[in-house]
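Please read the following briefing alongside the sequence and the coordinates.

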Amino acid sequence: MTTPEGVVILSNMSAKLMLNERHSLSEISFVEIVVWRLPLPLSGSHHDFKYRLALIVNGRCVLRYDSEAGKGDHKHKGEEEIPYFFTTPQALLYDFWQDVDNWRP
């Protein structure tokens with residue numbers, strides 16, 4: 001089994017965990033927010049944050065914002081992957097919570 005490239009980069013860098021939260025929204029849904037500050041930007045990014053923000057409903061990820069080495073910033077709505085323009089961590093959280101509030105099955 002091979003470790004994904006982004007995980008190797010994080011384990012070899014002195015990343016600082018900024019947020020690691022889980023918020024229950026209902027009996028069947030929750031949000032998980034994980035944000036790291038990196039000493040250097042990931043390849044494909046212009047900023048020094050690595051993040052994963054996800055809305056899980058009935059055990060299925062229905063919305064996810066994330067940054068990956070080489071791929072950069074993007075979000076997933078269901079099966080669709082959409083580029084995301086990262087500006088600040090505050091804007092990231094705002095945009096994510098807006099999408100959570102507007103999510104419909």
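The notes below begin with the basis of the model and then turn to its contacts.

This is a predicted model, in which local features need pLDDT of at least 70 and side-chain atom pairs count only at pLDDT 80 or more, while totals for chains, interfaces and linings use all residues. Residues are numbered from 1 along each chain as its sequence is written, and side-chain values use heavy atoms, with hydrogens and water left out. Helices (H or I, at least four residues) and strands (E, at least two) are DSSP runs, numbered from the N terminus.

**Salt bridges**

- A search of the whole structure finds six salt bridges, the term standing for a side-chain nitrogen of Lys or Arg within 4 Å of a carboxyl oxygen of Asp or Glu.
- One of them joins Glu81 to Lys71, with the closest N and O atoms 3.0 Å apart; because Glu81 lies in strand β6 (residues 80-83) and Lys71 in the loop between β4 (60-68) and β5 (72-77), the pair ties together parts that are ten residues apart in sequence.
- Glu81 counts as partly exposed at 40% relative accessibility, and Lys71 is likewise partly exposed, at 43%; here buried means under 20% relative accessible area, exposed over 50%, and partly exposed in between (1.4 Å probe, protein chains only).
- Lys75 and Asp99 meet through their side chains in a salt bridge of 3.0 Å, N to O, and this pair links distant parts of the chain, with Lys75 in strand β5 and Asp99 in helix α2, 24 residues apart.
- Lys75 is buried, with a relative accessible area of 13%, and Asp99 also counts as buried, at 14% relative accessibility.
- Asp99 also forms a salt bridge with Lys77, at 3.6 Å from N to O, which again links distant parts of the chain, since Lys77 is in strand β5 and Asp99 in helix α2, 22 residues apart.
- Lys77 is partly exposed, with a relative accessible area of 37%, and salt bridges that share partners join Lys75, Lys77 and Asp99 into one network.

- Leaving aside neighbours within four places in sequence, Leu55 is in contact (heavy atoms within 4.5 Å) with residues including Leu25, Phe30, Val31, Leu63, Phe96, Val100 and Trp103.

**Individual residues**

- Asn58, which lies in the loop between β3 and β4, has a positive phi of about 55° although it is not a glycine, and this residue is exposed, with a relative accessible area of 58%.
- Arg104 is placed in the segment after α2 (89-102) and counts as exposed at 61% relative accessibility.
- Arg104 and Val62 are 42 residues apart in sequence, whereas their C-alpha atoms are 9.5 Å apart in space.
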